[in-house]
Amino acid sequence: MIITKKNLHASWLGKYWQEIKDGKSLVGYEMYLNLYNLIEDLDNERYTYDTHDADIRINFIEHCVLLTKDPFYGKPFIMETFQKAFIEVFYSFKFTDSGLDRFTETLYLISRKNGKSELCSALALTEMIIGGEGLDIVCGSNDESQASILYEACDTMRLMIDPDELDTWRNQKGLRCTINDNKIYKLSERKRNKEGYNISIAIIDEAHEMVNNKLYKPIQQSTGVKERYKIFIITTEGFVNGGL
């Protein structure tokens, strides 16, 4: 669906904005200003807000993906309005002249225990199954154990969808969807030889703890030849002085 300010109510961005105005969702000034600017851009001729890509991903997550952590293990992944608005904005803004995505990188900053890792793991799995063909999808973080949190959540969600591994499988290198040859693997800052990858989707976790850009930069450079790629940087408040 093409969204403008006239039919804003039909979008998740519009629904989230209405919740904020009604006092049902509390946001800080920076978020409020950002949302206001995004809504103003709906009538900017430079951009088209087409929710098709976002709608497919939101629909897949809510109807196919199950949660992986107690006390919600095995329950449907019913997202909050702000989560749907986040996905919608990131995937829906297109440059009118080229049709390419306006946003290719995002900083998803949210306090702990609000499901940011679970949401991004669900997005990674969604991209592996329905996102295209031949995609390399990376779960990255400071060390192997932190990267494994995202990766293992992807694998658990995968097995809930495909318990007999008819269309997906796992080996030592990573996860793979046999229908489209999309792959998910993990990458840590401490891994050697991080150059030479061909990454289409990346999730970088715990960015506030990173003392340098030795993980982010190789990932960002590996997307350089792609017209379409997505990098999710997920973190909570805080930073290392002189760090990423």
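A salt bridge is a side-chain nitrogen of Lys or Arg within 4 Å of a carboxyl oxygen of Asp or Glu. This is a predicted model: local features need pLDDT of at least 70, side-chain atom pairs count only at pLDDT 80 or more, and totals for chains, interfaces and linings use all residues. Residues are numbered from 1 along each chain as its sequence is written, and side-chain values use heavy atoms, with hydrogens and water left out.

**View 1. A salt-bridge network links Asp 53, Lys 94, Asp 101, Arg 228 and Lys 230.** Asp 53 and Lys 94 meet at 2.9 Å, N to O. Asp 53 belongs to helix H3 (residues 52–64) and Lys 94 to strand S2 (residues 93–95), 41 residues apart; helices (H or I, at least four residues) and strands (E, at least two) are DSSP runs, numbered from the N terminus. Arg 228 and Asp 101 are joined at 3.7 Å, N to O. Arg 228 lies in the loop between H7 and S9, and Asp 101 in the loop between S2 and strand S3 (105–109), so this pair ties together parts 127 residues apart in sequence.

**View 2. Strand S8 (residues 201–205) is largely enclosed, because five of its five residues are buried.** Buried means under 20% relative accessible area, exposed over 50%, and partly exposed in between (1.4 Å probe, protein chains only). Ile 201, Ile 203 and Asp 205 point one way from S8, Ala 202 and Ile 204 the other.

**View 3. S8 runs parallel to strand S4 (residues 136–141), with four bridges joining them.** Strands pair if DSSP finds at least two bridges between them. Ile 203 in S8 is the bridge partner of Cys 139. S8 also pairs in the parallel sense with strand S9 (residues 230–235), over five bridges.
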